[in-house]
Amino acid sequence: MVSIPGDLNGDIKVGLPDLVILAQAYGTTPNSPKWNPNADIDGNGAVGLSDLVIMAEHSLKPLFLLSSLQRWRASAGIKGQGF
Ligand SMILES: [Ca+2]
Ligand SMILES: [Ca+2]
């Protein structure tokens, strides 16, 4: 269990390490090799934008998180579910 929505590594705050965990599972479903149930924050069976929004809402630096993820996705060449 996570204590704060979006706190994926359990350090009681929402920050870049949590974003990295979410980013690594971004776009996955329970059948995916990289699936991480903790990253499915809203529990809808997929890791995607809705989870990122929840994480951003609980972050002290939501814009920083969003811009970091956009950079990560761009560098990883990930397509779909844009902002
Ligand atoms: Ca954390
Ligand atoms: Ca989700």
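This is a predicted model: local features need pLDDT of at least 70, side-chain atom pairs count only at pLDDT 80 or more; totals for chains, interfaces and linings use all residues.
The packing of helix α2 against helix α3 is considered first. Two packed helices are described by the angle between their axes and the distance between the axes. Helix α2 comprises residues 49-57 and helix α3 residues 62-76; their axes approach within 8 Å and cross at roughly 145 degrees. The crossing of α2 past α3 is right-handed. On the α2 side, the contact is formed by L52, M55, A56 and E57, and on the α3 side by P62, L65, L66 and L69. Classified by residue type, this contact contains seven nonpolar residues and one charged residue, with no polar residues.

The length of helix α3 was then compared with expectation. Helix α3 is followed by G77, a residue with a positive phi, near 70 degrees.

The largest nonpolar core of the model consists of 15 residues. Within this core, the residues with the most contacts are L19, L22, A39, V47 and M55. Three elements, namely α1 (residues 16-25), α2 and α3, each give two or more residues to the core. Of the contributing elements, α1 gives the most, with four residues. The surroundings of L22 illustrate the contacts in detail: when residues up to four places away in sequence are not counted, L22 touches L8, A39, V47, D51, L52 and M55. Among these partners of L22, A39, V47 and M55 are also listed with L22 as residues with the most contacts inside the core. M55 and L52, both touched by L22, also take part in the contact of α2 with α3.

Two exposed positions were also examined. D11 lies in the segment before α1. This residue is classed as exposed because 12 C-beta neighbours are found inside 10 Å, and a residue with 12 or fewer counts as exposed. D11 and G48 are 37 residues apart along the chain, and their C-alpha atoms are separated by 22 Å. S75 is located in helix α3. With 8 other C-beta atoms within 10 Å, S75 is therefore exposed as well. From S75 to N38 the separation is 37 residues in sequence and 24 Å in space, taken from C-alpha to C-alpha.

Definitions and conventions. Residues are numbered from 1 along each chain as its sequence is written. Chains are lettered from A and ligands numbered from 1 in the order in which they are written. Axes are lines fitted to C-alpha atoms, for helices over the stretch in contact, and angles run from 0 to 180 degrees between N-to-C directions. A crossing is left-handed if the near helix is turned anticlockwise from the far one by less than a right angle, and right-handed if clockwise. Two residues are in contact if their C-beta atoms, placed from the backbone, lie within 7 Å. Ala, Val, Leu, Ile, Met, Phe, Trp, Tyr, Cys and Pro count as nonpolar, Asp, Glu, Lys and Arg as charged, and the others, Gly among them, as polar. A nonpolar core is a set of buried Ala, Val, Leu, Ile, Met, Phe, Trp, Tyr and Cys residues joined through C-beta atoms within 7 Å. A residue is buried if 20 or more other C-beta atoms lie within 10 Å of its own, exposed if 12 or fewer, and partly exposed in between; C-beta atoms are placed from the backbone.
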